[in-house]
Structures are given as structure tokens and as C-alpha cells.
There are 2 protein chains.
Amino acid sequence: MFSFKVEHQDAQSSARSGRIATVHGEFQTPVFIPVGTQGSVKALTPEDLLSLGVEIILANTYHLFLRPGHERIARLGGLHDFMHWQGPILTDSGGYQVYSLGALRKISPEGVSFRSHLDGSSHFLSPELAIQIQEALGSDIAMCLDECTPYPVTYDYARSSHELTRDWAVRCKQAHQKKEQALFGIIQGGNFKDLRKESAEAIVNLEFDGYALGGLSVGEEKDARQEIMAYTLPLLPGEKSRYLMGLGTPEDLIEGVGLGADMFDCVLPTRNARNGMLFTREGSMNIKKAEYVEDPQPVDPECTCYTCRHYSRAYLRHLYVAKELLSYRLNTLHNIHYFMELMQDVRGAIEQDRFMEFKKAFYKQRKE
Amino acid sequence: MFSFKVEHQDAQSSARSGRIATVHGEFQTPVFIPVGTQGSVKALTPEDLLSLGVEIILANTYHLFLRPGHERIARLGGLHDFMHWQGPILTDSGGYQVYSLGALRKISPEGVSFRSHLDGSSHFLSPELAIQIQEALGSDIAMCLDECTPYPVTYDYARSSHELTRDWAVRCKQAHQKKEQALFGIIQGGNFKDLRKESAEAIVNLEFDGYALGGLSVGEEKDARQEIMAYTLPLLPGEKSRYLMGLGTPEDLIEGVGLGADMFDCVLPTRNARNGMLFTREGSMNIKKAEYVEDPQPVDPECTCYTCRHYSRAYLRHLYVAKELLSYRLNTLHNIHYFMELMQDVRGAIEQDRFMEFKKAFYKQRKE
């Protein structure tokens, strides 16, 4: 009960549009997946997400494991019922969050021991437990536990890191029992092309429902990132969906799509919203700037989102400066709308074989 | 363009139902007015308010004067356009907020000098300026500047305080020019009946569009408050609306309505929501309690609000503990719904001459 279908292949690039079906419904690709870390896309209701055209969200295994606990969520009917979202959910494996804990975690072949960022309590995450948690949550797409290779890193570390990820992928696949839940493999290998190739071959050989590139946007230069994307994405089978984990900026999305990626997730639109950074066609706008204090215009006069239809920059600046809760919500609505519309436009361009023109126009419009 | 009409007088109490018309539309009474201190009812959009049946909101002169400034709001088209709320707005005079500043303010016959709670800057609020600010904001109902008599207080202070409020009321009335904006007078006098009587006679004598009791819920016992309400409300002319400023609890609302009050405002439902305190028919529920950690029930199984229709106590507790922004919104939706439904039921009971039965049932249901 999981399928991916390429519906149109762009004539002049590797971009393609398609559709993924899960037990909780379908979504179109290329897709940007908003992040609902703790079982809530910050400041929004599921109805807000639907009104924005969101078809799939991501939730974090690490956070929900620690609080309120995956077994508790299972007893409450699973994550969909718990958070009142009946569309598809993708859960990460917890690998990236544990990696982000730095000194608080220790990796061994068996798994990762770590201390909770909440209360310092000790935990151990194995590939088997990562799968068990995601099965308990009941997500539609689960991810294998991986080690997110740090940056910068030596060649030797990157090699042993991707080998560990490969070994864990074997164990994840063995542990995975929930037929209606898809399981994706993750390619690592740092910024080393031969290691990315080794990793891709090993992971693809294990036959997953889809494949993700991990370890991107962890501190490397944009050019280096795009080079690795351009090199590695073609190594993944075209009939399976390709997911760029943790990406990213509008530019990352455009570049990734052009290289044949189908899925993206990132906290950027939601986190930036809460910091007063708003996305527009021309670049980003810092709503707290003094120049907006009496500006009667909407954030983007051409934008059709709820926020732009009803509120001025002056009001949004006021809410932000006054730390009003509505600020986070209105800014988040705008930013998610921007990402959803961007991906809708991307799909439209692909379907008309004019993705390269779209990409050119996208960059031309930006003033940054 | 302001009118108040009593539509039904309860047969067994002083409770009455009615309707107030303003240039921005009508609202039914008795009414509870949610507070939008800084030009936003915290965590909610105007559309949320409409869906909850809210017909009028309150905004604070003191806060909007300091930030973003009343003249700025006027240049942006007035408060209604600024905050995207096209229904009636009542503004307070700033008196209560300035009173709350304690050591930061100094009262003289001319007005109040105070320091901003935001940046310590010095300001002077006179009765004339209070009116000017409210005219610039463009509210539908403005309030006279008053001194909110503190509690406890000596008889002599309470007397000179209500006399000051009376003198300021004269000046407010003289300064007020905006014909389409109603102006209400405020009765003070502390907990001294003869002073309340003096104040009521003096203020009513000035002929305002409506009358408010101020200086309640400032630290006095509930019984003392109800005694002053019971004594003073009948001194106000029945053909004008009676407003209990800053009240209150569901009990205060029920008692006030029974004594003939028509309008109430309070931060209680919104502020308590943000502290995880939810109102139910049986009393209040502290959603952060450990006992709700796995409770699949809604806050109130009989409640029809958005929050109760879609979320469990367990999820609401999780959001609260995890400090998720959605927590504040879902809790606020529930609490405002509770207050709106309570007032709707109150009006229904009055219209059927069974307010006293309703009041009895209200108290019987409570478990506190």
C-alpha cells in the first residue's frame, strides 16, 4: 500500500513530477514537507495546513520518543489521531537529532547512547528501536536509522560512517514488519563522491521503498552540496522516489528538483517565520525592520495567502515587536504558502516541459 | 449612531437581554467582551473570533498609545483596518493600566504622569488625551479616563478619587467630538456605598451613552464586590447599558447579569488558556496535570468547540508541556467558546424568564 508513480519527465532536465500513494492518501511530487517536530507544525492547525495545500507532514521520532513517548501515542490511537492529521506522515529515524546532540551522544556499532536534551536522562537508540518507534507512531513513511556524517570530516571517518549506516539499514529492514508503512533507505558518504557511490550502491541493493540523501546542509558550501546532489541523485533508481533530507532553501529546492529529487523537508519556513523572516519572490524580508513601521502594503502584494490578503507590513511588524502569538501564526501561514506555491509552480512547469525556463525566471526575480 | 435597546426583562430578576448598535454593527447583551490588548486577541485571528460568535472586542488605549502609537494607527486607517476586525471595538481609557503601573505613575488633578513599562520613557495622560487617542483609534465605544480607586483604601482617598474621576469625566465629555463613537462614564467610589451613590449621581448627571462600574476585582472579597454591584447597578438608568469593567469569572458574570449588568470584559479566558487553565461546566481544569497524560477524552465531552471536537486531554497536555504554540491557540479557542456559550445560554434563559433557574443549575453543576 505504498506506490510512487512518475507522471511526467521534464524534456530538458532531470526534473519529474509524480504521485505517491499511502494508506493515508496521496501527495504530488516534487513535494516540500513541513516539519511538525513534536506532533504539531508550529502555530498551525491541521485545517490550516490543508487550506495551504499541504499534503504530507514530517514528525520527529527523537522528540516523540522522549515526549510523550511512542507507546503512549500508540495507545492513544497513533500519531494521526493524536495530532488530528489524517494525511500522510513521514517520520525521520531520530538519527539526525541524535547527531545534533554533539557531546551528549556516543555512537557504537550497536546503536547510539544519548542523553535527553529535556532532562538529561540516558537512552539507547538502536536501528531496531528506531523502527519500533516509527511503527508505533504509525507513520506512512519511515526512515532507516543512519549516522548523519558530520562536516568537515576525514575520508576515513566518512567511510566508516556510511558503512555503519549501511549495516544499520540491513537491521532496519529486518526489523520492519508493518506492511502498510513504507521504509526508505538513506545514502551517506559525506562530500566524497566515491563514498556516496559506495553508499548508494549498498543501500539501493537492499531494496527500499524510496531513497534519501542524508548528511546535506550540515555546514558544507552550497556549491559542494549541489555537486554531491548532482553526482549522487542519478545513482538512485528512477522508479523510486528520491528525498533530499533537511533541505532546504528555495534555491536548494529548485536545484534539487532539476537534478531529479522528489521530496524535501526543512524547518526553514516555520522557524524563519517565528524569527520574522518572510519569504517572497524577490528574496527574504525581515519584518522587524524599522522601515516597515508604517508600511500599509502586504508582505508581497502579489501573494494570495491569508496573511497578505488581510494584514499590512506595519501590523505584522507590530505583532512581531509586541511578541504577540498571532505574529508566529500569520508569518508561518505566509511562509508555508510561499513554499507550497513554489512547489505547485515547479510541478506545473515540469508538466509543461518548461522547468529550465521556470528556473531561470526564479533566479531572475530574486534581488539578493 | 449608537443605540441600546432592552429587548427582554427577566420576570424574576434584574437580568435583561438587549442589543447595542454601533457603526461597525450590532451585538447582543448581556455580552462578554474578549480582550485584544495590543490590537490582537492573543493567539486568535478575527475569523476565529467570528467563528466563536464573538461580536465585540476590547483594545487597550494605554498599550496602543505606547506601541505602535495612536497617530500611526490612524494614518493606517484606524484600529479596525489595522487589525482586520470589522466588528465593534470598545477601548478602555488607559486609566486602569496606568493605575496598575504602581510606583511608575503619579496622579495630579491635571492627569497622570507615568513611565512606560516598555522602555521607561515619560508620558502624560490627560482626560483630553485619553479621548484623543480613542478617537484616533476609531473605536465604537470609548471610555472616560478614571482613577481606578485602589483596594484597600481609606474613605477619604476613595472620596477624592471618585471626585477626580468625576472632574475628568466632565473634561472627557467636553473633549469628545467624534459623533459616531459612544462615550461611557465610569462610576468609582471603592467599597463605600455612599461614595458609589455620589459617584453614580454625578456621572449619570453628565449624561453618557452608557455607564460602567470601575474599581471592581482589584483585590476585594467576592462578597464585598457583589454587595457593591448589587447596591450600585440599580442607581444607573435602566435605558442605558451597564458595564462591569474587568469582570470576570463565570460566577461574576452570572451575578452581574442577575443584577442588571449588560457588558463584561476580562483577560481571564485568554490569560488562563495560556496558563493551561481550561473552563468547563464543572469548574476549571488544569491541563498540565499528570493525570491527563494519557487521557483520550476531550476537555469537556459535552463541549462543541473546535478543540474539544478534535483533540484529547493527552494531546493538549503534550502541547502545553512541550510549549507548542498550538497549545495557546487551542486552549484559547476552548475558553472563549466557553464564555460565549455561557452568555448565549444566559440570554436564552432571560428571554424565557428563567434566569433564576439557570443560575441555580449553573451553581449546581460546579464541583469546585
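# Two chains meeting across an axis

In this predicted model, 29 residues of chain A are in contact with 29 residues of chain B. The points below go from the interface to the domains, the core and some local details.

**How the chains meet**

- Four elements of chain A each give two or more residues to the side that touches chain B: helix H3 (70-75), helix H4 (79-83), helix H13 (313-321) and helix H14 (325-351).
- H13(A) supplies the largest share of that side, 4 residues.
- By class, the side of chain A that touches chain B divides into 15 nonpolar, 8 polar and 6 charged residues.
- The copies meet through the same surface, because 100% of the interface residues of chain A are also interface residues in chain B.
- Two copies of a chain are related by a rotation about an axis and a shift along it.

**Helix H13 of chain B**

- Is helix H13 of chain B largely enclosed or largely open? The helix, residues 313-321, has 8 of its 9 residues buried, so it is largely enclosed by the rest of the structure.
- The buried residues are B:Arg313, B:Ala314, B:Tyr315, B:Leu316, B:Arg317, B:His318, B:Leu319 and B:Tyr320.
- What covers these buried residues includes H4 of chain A and helix H14 (325-351) of chain B.
- Just after H13(B), B:Lys323 takes a positive phi of about 55°.

**Two domains in chain A**

- The domain assignment of chain A gives domain 1 (3-266) and domain 2 (276-362).
- Taken over C-alpha atoms, the centres of domain 1 and domain 2 of chain A are separated by 27 Å.
- The contact between them takes 25 residues from domain 1 and 21 residues from domain 2 of chain A.
- On the domain 1 side, strand E2 (16-22), strand E4 (31-33) and helix H10 (250-258) of chain A each give two or more residues.
- H10(A) gives the largest share of that side, 5 residues.
- By class, the domain 1 side has 14 nonpolar, 7 polar and 4 charged residues.

**A hairpin in chain A**

- E2(A) and strand E3 (residues 25-29) of chain A run antiparallel and are joined by 5 bridges.
- The two strands, E2(A) and E3(A), form a hairpin with 2 residues between them.
- A:Thr22 stands opposite A:Gly25 in E3(A).

**The nonpolar core**

- In soluble globular proteins, nonpolar side chains tend to be buried together.
- How many residues does the largest nonpolar core have? The largest nonpolar core has 213 residues.
- The residues with the most contacts inside this core are A:Ile57, A:Phe184, B:Ile57 and B:Phe184.
- Not counting residues up to four places away in sequence, B:Phe184 touches B:Ile141, B:Met143, B:Cys144, B:Phe208, B:Asp209, B:Gly210, B:Tyr211, B:Ala212 and B:Tyr243.

**A:Ser126**

- A:Ser126 lies in the loop between strand E9 (122-125) and helix H6 (127-137) of chain A.
- A:Ser126 is partly exposed, with 18 other C-beta atoms within 10 Å; a buried residue needs 20 or more.
- Leaving aside neighbours within four places in sequence, A:Ser126 is in contact with A:Glu110 and A:Gly111.
- A:Ser126 and A:Trp168 are 42 residues apart in sequence, and 8.3 Å apart in space, C-alpha to C-alpha.

**Backbone details**

- The peptide bond from A:Leu247 to A:Gly248 is cis, with omega near -15°.
- A:Gly248 lies in the loop between strand E13 (241-244) and H10 of chain A.
- Another cis peptide bond runs from B:Tyr151 to B:Pro152, with omega near -5°.
- B:Pro152 is in the loop between strand E10 (141-143) and helix H7 (155-175) of chain B.
- A:His84 has a positive phi of about 60°, although A:His84 is not a glycine.
- The loop that holds A:His84 lies between H4 and strand E6 (89-91) of chain A.
- A:His84 is partly exposed, with 19 other C-beta atoms within 10 Å.
- B:His84 has a positive phi near 60°, and B:His84 is partly exposed, with 19 other C-beta atoms within 10 Å.

Terms used: Residues numbered from 1 in each chain as written. Chains lettered and ligands numbered in written order. Predicted model: local features only at pLDDT ≥ 70, side-chain atom pairs only at ≥ 80, totals over all residues. Core = buried A, V, L, I, M, F, W, Y, C linked by C-beta atoms within 7 Å. Buried ≥ 20, exposed ≤ 12 C-beta atoms within 10 Å, placed from the backbone. Contact = placed C-beta atoms within 7 Å. Nonpolar A, V, L, I, M, F, W, Y, C, P; charged D, E, K, R; others polar. Domains from an automatic or database assignment. Pairing = 2+ DSSP bridges.
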